[in-house]
Amino acid sequence: MLTIKDLHAQVEDKEILKGINLTVNAGEVHAIMGPNGSGKSTLASVIAGKEEFEVTKGSVTLEGEDLEDISPEDRAHKGVFLSFQYPVEIPGVSVTNFMKTAINETRKAKGLEDMPAKDMLKMIRDKAELLEIDRKFLSRSLNQGFSGGEKKRNEIFQMAMLEPKLAILDETDSGLDIDALRIVAAGVNKLKSKDNAVIIITHYQRLLDYIVPDFVHVIHNGKIVKSGTKELALELEEKGYDWLKNEAVV
Amino acid sequence: MAFENNVDVEHPVHDVRTEAIKNFENKGFPSKKEEAWKYTSLNSLQKIDFSIFPKQDNAIEYKDVKKYFIHEIDTYKIVFIDGVYSSNLSETTHDGVDICLMSSALTKPMYKQIIDVYFNKVASKDESLTTLNTAFCREGAYIYIPKNKMPKKPVEILHFATGNEASIMLQPRNLIIVEENAEVQIIERHQSLTANEALTNSVTEIFAAKSAIVDYYKIQNDTANASLIDNTYVDQKGKSHVKVHTFSFGGKLTRNNLNFYQNGEYMDSTLKGVTILGEKQHVDHHTLVHHIEPNCESHQDYKGIYGDSSTGVFNGKIIVDKIAQKTNAFQKNNNILISDKATINSKPQLEIFADDVKCSHGCTIGQLDEDAMFYMQTRGIPQKEARALLMYAFANNVLESVSIPELKARINKLIAKKLGVNLGFDL
């Protein structure tokens with residue numbers, strides 16, 4: 001589904017990604033771990049198409065298509081979803097209206113008519129239930145005054161609404177208490193299928209107890225320095241990242 | 001009767017006019033040398049040879065101008081074509097309230113007492129454009145709402161310029177008196193029907209008595225050669241609530257001089273505006289709130305979105321007199337520039353002489369939030385729609401206080417049109 005080859009990316013002349021290679025197939029869950037500043041979030045942003053990051057070398061392809069000149073919205077239309085580490089507050093736009101716009105714009109891009117209002121409401125209700133989101137919440141301004149946990153739940157709610165092929169969850173576990181973590185994880189697990197893939201970016205092992213990865217990769221200094229199975233995450237939890245940093249130098 | 005009409009009643013207004021002409025002759029048109037006109041030049045307008053009084057009566061059909069009315073709801077209508085009252089297009093009333101013409105109020109004996117008390121009483125005697133209007137005004141809306149009354153429906157004041165003259169200058173004059181505990185909703189619009197030059201120099205006096213409620217909406221979405229100088233003066237008494245919303249979406253040059261005088265206690269004044277400009281349009285909002293007595297509030301919230309080579313000005317003056325303790329005066333002016341060539345000059349002016357007051361002011365000038373744009377794009381919302389949605393959201397809280405739902409829907413549509421998008425929902 002997603003193939004990343006020798007990806008180099010920089011922001012304002014500072015190289016952050018220094019040759020990432022990664023293949024994610026449909027039906028797989030990948031965890032990307034690593035210390036702060038290693039390039040995890042940059043990788044997520046580059047896949048989603050943030051213009052601030054300049055790709056200087058290498059490629060990102062989705063189902064065989066090079067994403068290089070494709071706008072963030074078109075990437076979304078093709079099935080890429082990014083759950084933000086820090087979701088943006090948009091006062092004046094309710095969660096419901098935001099989702100309506102997002103869904104109908106995606107449908108428009110695919111040559112489809114707007115979703116009938118009745119179907120839209122039903123879908124919103126069902127997905128909100130999946131994430132145990134109160135209905136009152138849906139008429140509030142997007143992310144404005146939401147707690148950290150509410151913001152993250154709202155991100156996964158949006159993911160549930162948009163049904164992406166490739167979901168990238170950037171530090172979705174940060175700021176979540178254990179109950180919220182369970183709800184979010186249960187939501188993600190329910191949305192998982194053999195046709196889609198999930199990349200979980202995280203600092204800690206915690207979320208991986210609930211969403212079990214098929215592969216774990218460790219990024220350090222803009223490169224994947226180690227890949228393995230879920231046991232690698234446990235090892236990292238135990239030993240920290242330093243031993244890998246040393247290994248990378250060797 | 002004829003004698004009374006021509007002499008006794010005309011007389012006091014005649015004196016007021018003579019004085020106004022004198023004052024205007026002394027001062028002339030304001031120039032950029034004056035601080036209050038630093039950012040707005042009337043030079044190019046003064047070069048145009050405007051006809052002051054139309055040569056003929058011009059008629060228009062309702063179907064041709066229906067779209068300018070809030071036709072989704074029933075309203076009283078006071079309509080003028082090239083400054084002349086159109087009985088065809090209007091719907092006035094004397095049923096418990098007076099919603100009619102300034103010309104009758106100025107000339108009919110039955111209104112003399114009221115005219116004596118109110119006409120030109122809150123309007124400035126020395127601001128030159130106001131005096132120009134006082135000197136030459138003939139027509140406008142006269143609205144009198146007696147104690148405890150409220151008209152059955154909102155009032156629309158519409159001025160059409162037909163363009164039958166190559167260039168026309170209009171001097172409408174509105175007088176609105178809302179007595180104790182009475183209430184009124186008014187929508188005012190000036191609309192040019194062709195690309196010909198039109199200059200409107202309008203003066204509106206609003207008197208809100210004790211516990212009165214006045215809700216005033218100005219829709220400014222005129223054509224590329226239409227200019228408007230709007231001078232509005234509000235005299236408020238205790239416990240009254242007056243709100244003026246100004247929606248500036250078009251026109252060549254628009255200057256809003258909006259002045260509030262709080263003559264009483266426990267009242268509030270609300271001044272809100274949404275400005276969305278493009279091309280070479282220019283809008284200048286000059287507000288004044290004068291807190292004269294204690295325990296009052298004022299709320300100002302102006303949002304501006306400036307594209308192309310448009311220019312905006314916000315000058316918000318708040319005066320709190322020494323005696324006006326416990327005043328709460330708030331002022332916000334937030335602007336977004338969506339083009340490198342657009343400019344905005346935002347200037348708060350606070351003159352506070354009391355010591356126990358809460359005053360806040362803040363002006364911001366920025367671009368659209370790039371992070372918010374990216375966030376929306378990752379949800380599949382294209383850049384153009386994302387931008388529009390953000391701008392909608394930006395202007396939204398100003399619309400919240402619009403109390404006529406159909407008007408709110410109309411403004412929403414105007415905003416969407418101005419931003420060039422169809423979002424498929426109203427905020």
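The contact between the two chains takes 22 residues from chain B and 26 residues from chain A, where two residues are in contact if their C-beta atoms, placed from the backbone, lie within 7 Å. On the chain B side, α8 (370-377) and α9 (383-399) each supply at least two residues; α9(B) gives the most, with eight residues. Helices here are DSSP runs of H or I with at least four residues, strands are runs of E with at least two, and both are numbered from the N terminus. By class, the side of chain B that touches chain A has twelve nonpolar, seven polar and three charged residues. In that count Ala, Val, Leu, Ile, Met, Phe, Trp, Tyr, Cys and Pro are nonpolar, Asp, Glu, Lys and Arg are charged, and the others, Gly among them, are polar.

A word on the model before going further. It is predicted, so local features need pLDDT of at least 70 and side-chain atom pairs count only at pLDDT 80 or more, while totals for chains, interfaces and linings use all residues. Residues are numbered from 1 along each chain as its sequence is written, and chains are lettered from A and ligands numbered from 1 in the order in which they are written.

With 24 C-beta neighbours inside 10 Å, V93(A) counts as buried; the rule is 20 or more other C-beta atoms within 10 Å for buried, 12 or fewer for exposed, and partly exposed in between, with C-beta atoms placed from the backbone.

Now to chain A as a whole, which has nine helices and twelve strands. Its C-alpha trace spans about 60 × 40 × 35 Å along the principal axes, and 43% of its 250 residues count as buried. Of the contacts in chain A with a separation of 6 or more, 72% are between residues 24 or more positions apart.

Six strands of chain A form an open sheet with mixed pairing, in the order β6-β9-β10-β3-β11-β12. Two strands pair if DSSP finds at least two bridges between them. At the edges stand β6 (80-83) and β12 (223-228), each with a single partner strand, so one side of each is left without a neighbour in the sheet. Within the sheet, β9 (residues 166-170) and β10 (residues 197-202) of chain A run parallel and are joined by five bridges. D170(A) stands opposite I201(A) in β10(A).

Helix α8 (residues 230-239) of chain A packs on this sheet, touching β3 (29-33), β11 (215-220) and β12 of chain A. The direction of α8(A) makes about 45° with that of β11(A); axes are lines fitted to C-alpha atoms, for helices over the stretch in contact, and angles run from 0 to 180 degrees between N-to-C directions.

| State | Residues of α8(A) |
|---|---|
| buried | L232(A), A233(A), L236(A) |
| exposed | E231(A), E238(A) |

Just after α8(A), G240(A) takes a positive phi of about 80°.
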